[in-house]
Amino acid sequence: GEMMTLQMLAGPIVGAVIGYFTNYIAVKMLFFPKKEIRLFGKRLPFTPGAIPKGKERLAGAIGNVVATKLVTKADILEILLGEELEDQIIHQLNLWLAKNIHTDLYAMTKSEDQIDQLREQLTQYITKEVMGAIDQLEIGEVIAKEAKEAIKEKAGGKMFAMFISDSLIDSITEPIAQKAQNIVMEKGADYIRPQVEKKIVEWENISILEALESAGIGKEKLEEVLRATYEKAVKAAMEKFGSKFDLRSIIEEKINAMDVNELESLVLTVMKKELDVIVNLGAVIGLVLGMINLLI
C-alpha cells in the first residue's frame with residue numbers, strides 16, 4: 001500500500017517540481033545571461049536574455065507609449081496652465097514683487113559693490129537721456145520766444161511800445177537765450193545727475209509692488225496682467241520648444257543608456273511579485289496536471 005501511495009504521489013510531485021523550475025528558468029531567461037554566449041563562433045540561442053537582447057526595442061516601445069498615450073504635449077501644457085500651479089507661481093511672483101528692490105538686487109548680486117556699480121550705470125544712463133531730451137527741446141529758442149512774448153505783453157498798450165521793434169527785442173533776448181542754452185548743455189548734467197541718483201536711491205527702498213501701486217496699477221490689475229503674461233509665455237514656449245521637447249526620444253535614450261543590471265532592478269521593482277506568482281503558478285499547474293494524469 002505504501003509503495004502504491006508513493007507511486008501515486010510521485011506523478012503530481014514531479015509535475016509540480018518540473019512546473020516550478022520550468023517557470024523559474026523562463027523568468028530567469030528574461031534577464032540572464034546578460035551577454036550573448038558564443039560556441040565555435042556561433043551565438044547560442046536564447047543568449048543574451050530576452051530583456052538585455054531586446055533593450056533597444058523595449059526602450060522604443062516604452063518611449064512611444066509614454067509620449068503618445070501617457071504624457072502628451074497637451075498634458076504637459078494642461079499641467080503648466082493648471083489652476084493650482086498657476087496660483088503658486090503668481091503667489092511666488094507677488095512675494096518677489098513685494099520685496100524691497102534693494103533686497104532683491106542684493107539677493108541677485110550678493111554684493112553691495114555691484115549694486116553701487118549698477119546704480120552708477122543707471123544714473124549715467126538716465127542723466128544722458130534727460131540731457132539728450134533737453135538738447136532736442138532747443139531750450140535757447142524756447143527762452144527767446146517766451147521772453148519776446150512776455151516783453152510784448154508787458155509793453156502792450158503803452159506809448160513806448162511803438163518804439164520797441166521785434167528786432168530790438170530779438171537783439172536783447174537772443175544773446176540771453178544762447179547763453180542759457182550753453183549753460184544748460186555745459187552745466188545741466190551737474191545739476192540733474194545728483195537728483196537722478198537721489199531718485200534711484202528712493203526707488204531702491206520701495207518694492208516693485210509699491211511702485212506700480214503709486215503709478216495706479218493695483219494688486220487686482222497686476223494679478224490679471226501676471227496671469228495673462230504667464231499663460232502667454234507658457235503657450236509661446238510650448239509652441240517654440242514643443243518640437244525639441246521629444247519625450248519619446250528622452251525616455252528611449254535614458255533606457256538605452258541604462259546598465260542591464262539597472263534595467264533588471266527596474267523591472268523587478270515593478271514586477272517581482274507578479275514574476276514570483278508565475279513561478280509558483282508553474283508548480284501548481286504541474287501538480288494539477290500530475291493529478292489529472294492519475295485519473296486518466
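Colleague: Which residues does Thr-127 touch, not counting residues up to four places away in sequence?

Modeller: Contact means heavy atoms within 4.5 Å. By that rule Thr-127 touches Ala-189, Ile-192, Arg-193 and Val-196. A caution on sources: this is a predicted model, where local features need pLDDT of at least 70 and side-chain atom pairs count only at pLDDT 80 or more, while totals for chains, interfaces and linings use all residues. Residues are numbered from 1 along each chain as its sequence is written, and side-chain values use heavy atoms, with hydrogens and water left out.

Colleague: Where does Thr-127 lie?

Modeller: Helices are DSSP runs of H or I, at least four residues, numbered from the N terminus. Thr-127 lies in helix H7, residues 112-137. The C-alpha atoms of Thr-127 and Gly-188 are separated by 9.3 Å. Along the chain these two are 61 residues apart.

Colleague: Is Thr-127 buried or exposed?

Modeller: Buried means under 20% relative accessible area, exposed over 50%, and partly exposed in between, with a 1.4 Å probe and protein chains only. Thr-127 has 7%, so it is buried. Lys-145, in helix H8 (residues 139-155), counts as exposed because its relative accessibility is 56%.

Colleague: What lies 2.7 Å from a polar atom of the Thr-127 side chain?

Modeller: The backbone oxygen of Thr-123.

Colleague: How do I read the packing of H6 and H7?

Modeller: Start with the axes. They are lines fitted to C-alpha atoms, for helices over the stretch in contact, and angles run from 0 to 180 degrees between N-to-C directions. Helix H6 (residues 101-109) and H7 pack at about 120°, with axes 9 Å apart. Next, the label. Angles under 35 degrees count as roughly parallel, over 145 as roughly antiparallel, 65 to 115 as roughly perpendicular and the rest as oblique. H6 and H7 are therefore oblique to each other.

Colleague: Which residues make that contact?

Modeller: H6 supplies His-102, Leu-105, Tyr-106 and Thr-109. H7 supplies Glu-112, Gln-114, Ile-115, Leu-118 and Arg-119.

Colleague: What is the angle between H5 and H11?

Modeller: The axes of helix H5 (residues 83-97) and helix H11 (residues 219-241) cross at roughly 125° and come within 10 Å. This pair is therefore oblique too. On the H5 side, the contact residues include Leu-85, Ile-89 and Leu-93. Among those they meet in H11 are Leu-222, Leu-226 and Tyr-230.

How values were computed: Helices (H or I, at least four residues) and strands (E, at least two) are DSSP runs, numbered from the N terminus. A polar contact is a pair of N or O atoms within 3.5 Å; within protein, one must be able to donate a hydrogen and the other to accept it, and residues adjacent in sequence count only if both atoms are side-chain atoms.
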